[in-house]
Amino acid sequence: PQVPFPYVATREALQRAVVTLRSTVGVIALDCEGVNLSRKGPLMLIQLATVSEVFLVDAKLLGAEVIHQELGELLSAPGIKKVMFDCREDVDALFYQCGVTVRGIRDLQ
């Protein structure tokens with residue numbers, strides 16, 4: 001079956017995505033993309049997924065403050081597992097650019 005992957009480019013759409021992500025069974029997949037992604041290389045896209053939906057969050061358009069305000073609590077919740085692969089640059093960018101500390105990581109590398 002096809003999995004929907006809505007493009008999230010407004011605060012309201014991000015708020016709706018967070019509601020969906022919080023209603024999962026406590027596991028989400030997380031990946032970030034950017035140009036030379038790190039604490040200095042700009043964060044451009046955040047991909048968040050459940051077993052039934054993928055959200056493509058335009059981090060560049062939304063900006064660090066909105067990412068912090070709307071995703072910070074979800075990504076910092078240790079009880080919600082974040083499945084990632086080689087998360088070093090992703091968590092570095094989220095922390096230094098958006099002020100978000102990701103907890104509950106399961107790095108598959």
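Does Cys98 count as buried or exposed? Cys98 counts as buried, at 8% relative accessibility, where buried means under 20% relative accessible area, exposed over 50% and partly exposed in between, with a 1.4 Å probe and protein chains only.

1. On the basis of the note: this is a predicted model, in which local features need pLDDT of at least 70 and side-chain atom pairs count only at pLDDT 80 or more, while totals for chains, interfaces and linings use all residues. Residues are numbered from 1 along each chain as its sequence is written, and side-chain values use heavy atoms, with hydrogens and water left out.

2. On the cysteines: the whole structure holds zero disulfides, a disulfide being a pair of cysteine sulfur atoms within 2.5 Å. The sulfur of Cys32 has its closest cysteine sulfur in Cys98, at 8.2 Å, which is too far for a bond. Cys32 is buried, with a relative accessible area of 4%.

3. On the salt bridges: the count comes to four, if a salt bridge is taken as a side-chain nitrogen of Lys or Arg within 4 Å of a carboxyl oxygen of Asp or Glu. One of them joins Arg22 to Glu73, with the closest N and O atoms 3.3 Å apart. Because Arg22 lies in helix H1 (residues 11-22) and Glu73 in helix H3 (residues 64-76), this pair ties together parts that are 51 residues apart in sequence; helices (H or I, at least four residues) and strands (E, at least two) are DSSP runs, numbered from the N terminus.

4. On Arg39: this residue forms a salt bridge with Asp92, the closest N and O atoms being 3.0 Å apart. Arg39 lies in the loop between E2 and E3 and Asp92 in helix H4, so the pair links parts 53 residues apart in sequence. Arg39 is partly exposed at 42%, whereas Asp92 is buried at 17%. The charged end of Arg39 also sits over the ring of Tyr96, 3.9 Å from its centre, the rule being that NZ of Lys or CZ of Arg is within 6 Å of the ring centre and within 35 degrees of the ring normal.

5. On Asp86: this residue is found in the loop between strand E5 (81-84) and helix H4 (88-98), and its phi is near 50 degrees, a positive value in a residue other than glycine. The side chain of Asp86 meets that of Arg88 in a salt bridge (2.8 Å, N to O), and Arg88 is exposed, with a relative accessible area of 54%.
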